[in-house]
Amino acid sequence: MLGIQNFFSYPLEDLKQYLVGLGKEKFRAQQLYKWVYEKRVQDIDSMTNLSKNFREDLKQILSFDLPKPKQVLDSVDGTRKFLFESEGLTFETVLIPANDRLTICLSSEVGCNMACRFCYTGKQKLRRRLSTAEIVGQFVVASDSLKNESRRITNIVFMGMGEPLDNSDNVFNAIDIITNEFGYNLSRRKITVSTSGLVPQMPRIWESRVRLAVSLNASNDEIRDYVMPINKRYPLKDLLAACKEYTQQTKDRVTFEYVLLKGVTDRNEDAVRLNQLLKHIPCKINLIPFNEHPGTEFHRPSDESIERFHQKMMSYGYQTIVRKTMGRDIYAACGQLTSVYEGRPERMSL
Ligand code: SAH
Ligand code: SF4
């Protein structure tokens with residue numbers, strides 16, 4: 001006997017096996033998926049097509065615990081940030097509106113061992129990898145917060161706290177659950193996993209048919225070794241070979257994220273080298289102007305240098321966008337998520 005298990009940690013096939021192992025019928029798993037993910041009912045007694053006996057049994061074998069939203073903040077620009085608490089740890093999730101899309105940015109870990117120098121999350125060592133239920137739970141709670149609004153989540157990016165490929169079993173289980181046809185039925189093509197470049201884990205991205213984003217952030221190994229220590233283990237040559245493989249396997253383009261750090265990654269020579277690196281890889285480029293945070297050695301470039309870099313990459317023929325900074329007033333922008341607050345106020349005056 002396994003004891004009581006969290007429903008949100010089970011992909012459908014595993015849930016079937018779990019129930020069958022306890023002498024229940026297999027089709028119950030689908031019924032439960034429909035109640036919880038389709039009809040948004042988490043209270044067992046409200047699942048009216050289940051017999052009373054089965055409902056009583058269920059209470060002994062499944063719980064429906066979700067991470068608790070301790071704080072929900074709405075930004076002036078429509079971004080919504082959740083601070084969750086689960087088993088003594090806190091982590092953040094962000095909803096980001098853009099045109100007809102509503103993207104949820106999910107966290108995969110509390111803290112991160114990759115220690116990128118420019119990243120606020122990376123300043124905290126890994127505290128814990130989030131469980132499948134905690135990852136699915138971020139999506140469920142955020143979706144439920146939209147119940148009385150006309151918008152719904154259309155896209156997922158794993159760009160919150162942590163390195164998703166450092167927690168790949170739980171991340172890909174969560175993806176299986178959210179994309180299940182009896183679940184939220186979200187298309188895998190609407191899901192992007194962003195990685196700092198854990199090369200050996202990268203095939204899981206194309207095997208799982210989700211999209212790949214890579215935090216490149218430098219135009220040669222020397223700079224990348226400095227800003228992203230993971231590069232010493234998996235240097236650019238290996239990383240870019242994996243990216244190329246992705247494009248061949250999926251016929252999709254890679255998204256390269258590139259943080260613009262004043263005087264470090266935003267110079268003309270960086271643009272020239274970036275073009276040399278990427279010219280044989282079908283890709284698009286997301287430039288992310290650095291978001292400053294307490295204690296950082298880096299600075300955000302001026303708007304003019306950001307635009308100069310942008311134009312230069314466009315002139316080489318890359319589809320390039322400058323990622324708009326969203327939710328900065330509630331510290332929800334890229335690289336600002338954390339679980340320790342060091343006394344910073346909950347809102348910044350812009
Ligand atoms: N760990 C994964 C997923 C997190 S994504 C990864 O690194 O890809 C977070 C994105 O925000 C990354 O592309 C990262 O390069 C970027 N980022 C981190 N800190 C930032 C900061 N202070 N300002 C702007 N972008 C930042
Ligand atoms: Fe971790 Fe990504 Fe931050 Fe690097 S940028 S420390 S991999 S969360």
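**Labels and their cut-offs**

Author: C283 is buried, at 6% relative accessible area. This is a predicted model, in which local features need pLDDT of at least 70 and side-chain atom pairs count only at pLDDT 80 or more, while totals for chains, interfaces and linings use all residues. Residues are numbered from 1 along each chain as its sequence is written, chains are lettered from A and ligands numbered from 1 in the order in which they are written, and side-chain values use heavy atoms, with hydrogens and water left out.

Reader: Why is C283 called buried?

Author: Buried means under 20% relative accessible area (exposed is over 50%, partly exposed in between; 1.4 Å probe, protein chains only). C283 has 6%, so the label applies. C112 has 11%, so C112 is buried too.

Reader: What makes helix 4 largely enclosed by the rest of the structure?

Author: Helices (H or I, at least four residues) are DSSP runs, numbered from the N terminus. Helix 4 covers residues 132-144. Of its 13 residues, 12 are buried, so the rest of the structure largely encloses helix 4. Among them are I135, F139 and V141.

Reader: How does the reach of helix 4 compare with the span expected?

Author: The expected span is 1.5 Å times one less than the number of residues. Helix 4 reaches 18 Å from its first C-alpha to its last, close to the 18 Å expected.

Definitions and conventions
Helices (H or I, at least four residues) and strands (E, at least two) are DSSP runs, numbered from the N terminus.
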